[in-house]
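Good morning, and thank you for the time.

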Amino acid sequence: MQKIDDVLQKILPRVTMPGQYVGSEVNAIIKENAKYNFALCFADTYEIGMSNHGLRILYEIINSRSDWSCERAFSPLPDMEAELRKASYPLYTLETGRPLRDNDFISFSLQYELGIGTVFTMLDLAGIPLLRSDRKDGDPLIIAGGHATFNPEPFSDFFDLFFIGEGEEGIIEILELYEDSAGLNRQDMIRKLACKIPGLYAPALYDTEEVAGFTVVKPPVQSDIPYPITRRIVQDFDSAPMPVKPVVPLVETVHERVVLEIMRGCPNGCRFCQAGNICRPVREREVATLQKTAKECYCNTGYDEIGLMSLSTSDYTHFDDLVEKLDSDYAQLGVSLSLPSLRVNHALSDIPERFKTVRRSGLTLAPEAGTDRLRRAINKDVTDEDLLQSCEEAFRQGWKTIKLYFMVGLPTETDEDVIGIASLATKVAKLRRGGRGAACTVSVSNFIPKPFTPFQWEGMVGREELSRRHRLIAANLHHRHADLKYHNVDGSYLEGIFSRGDRRIGAVALRAWEKGARLEAWTEYFNPSLWEEALNELKISGEAYACSERALDSKLPWSHIDSGLSDDFFKRERQKSRTGEPTPRCNFDSCAGCGQQGCSYRK
């Protein structure tokens, strides 16, 4: 913000981490006299949202347009929210302090289903009606994107538009059509955008009907309204925009580093993984492109760390070459290279000790299940032997700790599989020789059946049973160098309700927010009793949404969204999970037959 006015000068000394509310960061783009204004919002705090890669991409793309100003807004923490309400001061964007409602577009990146309550907080602080049906001409258009919107129905009463897919693929089309349609009223503008631009979904244009106890979207009568809504993807990924001058935060955030998105999509085909499916096909960037971006971003930020970003970094075709070149470019500058979760039976031995830039403080591996049998069921090509050999190699090369990701509640899971998590983690911890502290951290999440996966028809395991399985792991994990952490069962249960929900679930979110639900991704603010009260008051069974199995031939609340993958593929993969039959990784020698158009591996 160029200038903090008198009200904020009084407020900011009374709140936590005031630096997150003042703007004026390095690389922030200020365009006060732009013809059109776009606000990029993230349904979480500055500390979390400033590390979001998608926000960085869109910020640079939109601001590259001469007639458009793009500014940022994040959720305030509860103390700042209270101060803004007390002072009747509207939520504002960071670059110029513009009231959020004084924008043409407000977009939200919704990465987590329960982030909807935070969206309500931000809209309410901005003085914008929460329900799209209550908005009038003059109100900004409210649009959402992100993985949580691949089933948009629980959020459909609150957003005017959803963009399904990769935002950089359609954002320029949206801006240009808006410019060309100046003078249209709000309703006509929404209709024109949704009918002319593939990937945009306007819930107001569609009616619903009840099928098998859930509401689903009916095909529209008017032929110009798209049905289904097709996911947008970037085809030429190497040429796609990458942020080279990201805003440098004034306060500490979760990730402070140069980010290189080296690959989009994942070749491995894990049957529980939504991201691996909705990000298909696999697309890579050239090493030279990544080197050029790293140099520009380093010079523009001064970060001392470069992070390689993708769903499966070690599957990047030129992984060794890229690491070697970055090591050569940055080792002498004291810039380290961080690696995300690596595929277990690959890459560790391919990261020679001579690579000085690779940080070895901690390594993340994701075996996901506790036994070879269950890993075959979820198409995770990892054995116990693979994992132990990989961990032994990691410790030999100097990694101090290993974080292991597991999941409980997967389809066909037995107590033997659950105990296998504890057994495997104990074996890993015993590999550590010398040193202090934990040899491994065991992080256990709860399986949630997500749309557009082979397990989208499954029901979740109930909360009591999930808790019992957590206790079973704890009872069988006995090693002083192993730390055990669980995901919150109530949070997973609510996420399951929204992941598989229909339009009726939106009322639950609104009621919970009215009761005080905020920042649900934060343990200290999450209050499951508020959500339970909302479900009970509205007489909605959460178990019916989260825990019920859906018929394979039933229309689902998200069936009007075309992910690019066929239902036949998902059904085949579901059947293979019952027999433990593998599906080979996507490559030029093997095609999984998912139906994705534009895939270079497709036969």
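This is a predicted model: local features need pLDDT of at least 70, side-chain atom pairs count only at pLDDT 80 or more; totals for chains, interfaces and linings use all residues.

Which residues of α9 are buried? They are Val287, Leu290, Thr293, Ala294, Cys297 and Thr301. Viewed down the helix axis, these buried residues fall within an arc of 125°, and therefore they line one face of α9. As a general point, an α-helix has 3.6 residues a turn, so residues three or four places apart point the same way. On the other side of α9, the exposed residues are Ala288, Lys292, Lys295 and Cys299. The cover over the buried residues of α9 includes β10 (258-261), β13 (305-309) and α10 (319-330). Just after the helix, Gly302 adopts a positive phi of about 80°.

I turn now to the cavities. Searching the whole structure gives 5 cavities of 30 Å³ or more. The largest cavity holds about 110 Å³ of space. Among the residues that line the largest cavity are Tyr21, Tyr46, Phe74, Met80, Leu84 and Tyr92. Two elements, β2 (68-74) and α4 (78-87), each give two or more residues to that lining. By class, the lining of the largest cavity comprises 10 nonpolar and 2 polar residues, with no charged residues.

The second largest cavity has a volume of about 60 Å³. Its lining consists of Met50, Leu55, Arg56, Tyr59, Arg72, Pro246 and Val247. Helix α3 (residues 53-63) supplies the largest share of this lining, with 3 residues. Here the classes are 5 nonpolar, no polar and 2 charged residues.

Finally, the loop residue. Asn151 sits in the loop between β4 (141-145) and β5 (161-163). Is Asn151 buried or exposed? The cut-off for buried is under 20% relative accessible area; Asn151 has 2% relative accessibility and therefore counts as buried. Setting aside neighbours within four places in sequence, Asn151 is in contact with Pro451, Phe498, Ser499, Arg500, Gly501, Pro557 and Trp558. Asp381, by contrast, is 230 residues from Asn151 in sequence and 29 Å from it in space, C-alpha to C-alpha.

That concludes the presentation, and I welcome your comments.

Definitions and conventions
Residues are numbered from 1 along each chain as its sequence is written. Side-chain values use heavy atoms; hydrogens and water are left out. On a 1 Å grid over the protein atoms alone, a cavity is a set of points where a 1.4 Å probe fits but cannot get out, and a pocket is an open set with protein on both sides within 12 Å along at least five of seven lines; lining residues have an atom within 4 Å of a point. Grid points are joined across faces, edges and corners, and a volume is the space filled by probe spheres set on the points. Helices (H or I, at least four residues) and strands (E, at least two) are DSSP runs, numbered from the N terminus. Ala, Val, Leu, Ile, Met, Phe, Trp, Tyr, Cys and Pro count as nonpolar, Asp, Glu, Lys and Arg as charged, and the others, Gly among them, as polar. Buried means under 20% relative accessible area, exposed over 50%, partly exposed in between (1.4 Å probe, protein chains only). The arc is that of the directions from the helix axis to the C-beta atoms. Contact means heavy atoms within 4.5 Å.
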